[in-house]
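Here is a short briefing to read alongside the model. Have the viewer open, and follow the topics in turn.

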Amino acid sequence: SQQTRTQRGALIVVEGLDRAGKSSQCEMLQTYLKEQGHSVKYIRFPDRTTPIGKLIDSYLRGSANQEDHAIHLLFSANRWEIAKSIEEDINSGITVIVDRYSYSGAVYSAAKANPTLSLDISAEEAAKRGGYGAERYENETMQTRVRELFRTLFERQKDVYVVDAGKTLTEVSKDIQNAVLNCLACLDTIGSLRKLG
Ligand code: NYM
Ligand code: MG
């Protein structure tokens, strides 16, 4: 007889701003897919029901404080504690809709960080540099994709200074100095505006 293999379910990640309508859309999508005969689960992150989730919930509501790194890791831990069961569901043919995932983890934490310098270089240029290729990830396929994702993440973000890292050491360091001076000048302006009230 023919061997039947369960087809793997899909992982559908829905991301966006608060109040964008993610939860409503996820619910509607879940209903729709069920009507189409799929097995579907819908999960939201943070999952506020677990012990870690309860810590996150009180942080978000403002009733508890957390150090920025600590809360970042709590959000990650909250995904890790559920990741296994998501994987199992997918492998057993269930399509899992997740309302926020690690993109929110990255973006919400980055949004409160200080200005970032992005040293941008093409994968081909980087490959010509000494020592390249010694480690895992240091190959053109991976580097090209990582660059694309950095670019997408940083696109039109005002507090990210993109520096062309393909130039010489001295040129790049000049560009970095200018970006940093710029940033310090901004802080000065903000400081004096605050003093003025
Ligand atoms: N949030 C969510 C983070 O800051 N980091 C994360 O990793 C995740 C998953 O939690 N303002 C933030 C984004 C939201 C808040 O999410 C709660 P929601 O979807 O409003 O319950
Ligand atoms: Mg919200």
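Around ligand 1 stand Asp 18, Phe 45, Pro 46, Leu 60, Phe 75, Arg 100, Ser 104, Gly 105 and Tyr 108. Please keep in mind that this is a predicted model. The notes below begin with that ligand shell, then turn to the chain, its sheet and one of its helices.

**The shell around ligand 1**
- Sorted by class, the shell holds five nonpolar residues, two polar ones and two charged ones.
- Which element gives the most to this shell? That is helix α4, covering residues 102–110, with three residues.

**The chain as a whole**
- The chain contains seven helices and five strands.
- Read from the N terminus, the order of elements is β-α-β-α-α-β-α-β-α-α-β-α.
- Of the 197 residues in the chain, 9% are buried.
- If you take the contacts between residues at least 6 apart in sequence, 68% of them link residues at least 24 apart.

**The three-stranded sheet**
- Three strands form an open sheet in the order β1-β3-β2, and their pairing is parallel.
- The edge places belong to β1 (11–14) and β2 (40–44); each has a single partner strand, so one side of each has no neighbour in the sheet.
- On average, neighbouring strands of this sheet are turned by 20° against each other, with direction ignored.
- As a reminder, strands of a sheet pair through backbone hydrogen bonds, in either a parallel or an antiparallel way.
- Between β1 and β3 (residues 95–99) there are four bridges, and the two strands run parallel.
- Along this pair, Leu 11 sits opposite Val 96 of β3, while Val 14 has Asp 99 of β3 as its bridge partner.

- Is β3 mostly covered or mostly open? It is mostly covered, with five of its five residues buried.
- Thr 95, Ile 97 and Asp 99 point one way from the strand, whereas Val 96 and Val 98 point the other way, and all are buried.

- Ile 43 lies in strand β2, and its bridge partner in β3 is Val 98.
- How far apart are Ile 43 and Val 98 in sequence and in space? They are separated by 55 residues in sequence, yet their C-alpha atoms are 4.9 Å apart.
- Leaving aside residues up to four places away in sequence, Ile 43 touches Ile 82, Ile 86, Val 96, Val 98 and Asp 99.
- Why does Ile 43 count as partly exposed? Ile 43 has 17 C-beta neighbours inside 10 Å, and a residue counts as buried with 20 or more and as exposed with 12 or fewer, so Ile 43 falls in between.

**Helix α2 and its buried face**
- In helix α2 (residues 51–60), the buried residues are Ile 52, Gly 53 and Ile 56.
- Looking down the axis of α2, you will find these buried residues within an arc of 95°, so they line one face of the helix.
- The packing partner of the buried residues of α2 is α3 (68–91).
- After α2 comes Gly 62, which has a positive phi, near 85°.

Technical notes. Residues are numbered from 1 along each chain as its sequence is written. Chains are lettered from A and ligands numbered from 1 in the order in which they are written. This is a predicted model: local features need pLDDT of at least 70, side-chain atom pairs count only at pLDDT 80 or more; totals for chains, interfaces and linings use all residues. Two strands pair if DSSP finds at least two bridges between them. Axes are lines fitted to C-alpha atoms, for helices over the stretch in contact, and angles run from 0 to 180 degrees between N-to-C directions. The arc is that of the directions from the helix axis to the C-beta atoms. Two residues are in contact if their C-beta atoms, placed from the backbone, lie within 7 Å. A residue is near a molecule or strand if its C-beta atom, placed from the backbone, lies within 6 Å of it. Ala, Val, Leu, Ile, Met, Phe, Trp, Tyr, Cys and Pro count as nonpolar, Asp, Glu, Lys and Arg as charged, and the others, Gly among them, as polar.
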